[in-house]
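Let's take a walk through this model together, from open space to ring pairs to the backbone. Have the viewer ready.

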Amino acid sequence: QPAGIAMDKTGRLYIADTALRAVTQNSDDVSNVFVKEYEGKSFRGPSSLAFGPDGSMYFTDSGPLGETTLQNPSGSCFCVTMLPNGGEQILKPLVLESLAHPGGIAVSADGKNIYISELLRNRVLRLFEYPSGVWQTSVYYQFSGSVGPSCLACGKDGTLYVGMFEPSSCAQGSSGTINVLSADGQVSKTISIPGTAIEGLALSDDGSCLYVTEASNKALYKVEL
């Protein structure tokens, strides 16, 4: 059950596989398990991943929808980083077993901020280092109304695109919403697309286009920015 995908600087593809409960590395049409547990405990099911400018990998571990809930907020965010002198890779938790379905994840262009969409608390979190080596977590933006933010994409200028998820059976209309947050964390505008169950976002390299996956219509949309 592939739920998220990202490419590192060398062109290798990594996939967050929720059913396999692992992040896989894919090269030459071969898929290998990259990481599947922390301190001997299996992941619940990675759902999204992203790379920082230094090559570090960040991924959310949410399990399928309904496993990490408000009543059982046991989702996590992990980082796979390299030692300063290269060589060994280190897996460490940034937020451990305390999130209510962490879905999307995005990294700012300078690598100083990590953003997580916590679907079932209807908010976006920001992680930052302060002091160096110590990760802090704060609420970047609190939404209301829909189920919550499911996916994120971060522009080079710090603009954050937030896709909102609402089952069609609960929606008041037929259009879905992407909230655009400015670099200071304020909603600067909204983008409407057909269908309310937005599940994935990706920016083009030049930042001129936003690609959107929407589940109720089983569609991929391209939005000119």
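The second largest pocket has a volume of about 220 Å³. A pocket here is an open set of points on a 1 Å grid over the protein atoms alone, where a 1.4 Å probe fits, with protein on both sides within 12 Å along at least five of seven lines; the volume is the space filled by probe spheres set on the points, which are joined across faces, edges and corners. Its lining holds 14 residues, with D8, R12, F51, G55 and Q89 nearest the centre; lining residues have an atom within 4 Å of a point. Six of them are nonpolar, five polar and three charged.

The model is predicted: local features need pLDDT of at least 70, side-chain atom pairs count only at pLDDT 80 or more, and totals for chains, interfaces and linings use all residues. Residues are numbered from 1 along each chain as its sequence is written, and side-chain values use heavy atoms, leaving out hydrogens and water.

Now for the rings. There are nine aromatic pairs, counting rings of Phe, Tyr and Trp (its six-membered ring) with centres within 6.5 Å. F43 and F78 form a tilted one, 5.1 Å centre to centre with 50° between the planes; planes under 30 degrees apart would be stacked, over 60 edge-to-face, and the rest are tilted. This pair links distant parts of the chain, 35 residues apart: F43 sits in the loop between strand 6 (41-42) and strand 7 (46-51), F78 in strand 9 (residues 75-82). Strands are DSSP runs (E, at least two residues), numbered from the N terminus.

Finally, the backbone. The peptide bond from Y130 to P131 is cis, with omega near -5°. H101, a residue other than glycine, has a positive phi near 55°.

Technical notes
Nonpolar A, V, L, I, M, F, W, Y, C, P; charged D, E, K, R; others polar. Helix = DSSP H or I, 4+ residues; strand = E, 2+ residues; numbered from the N terminus.
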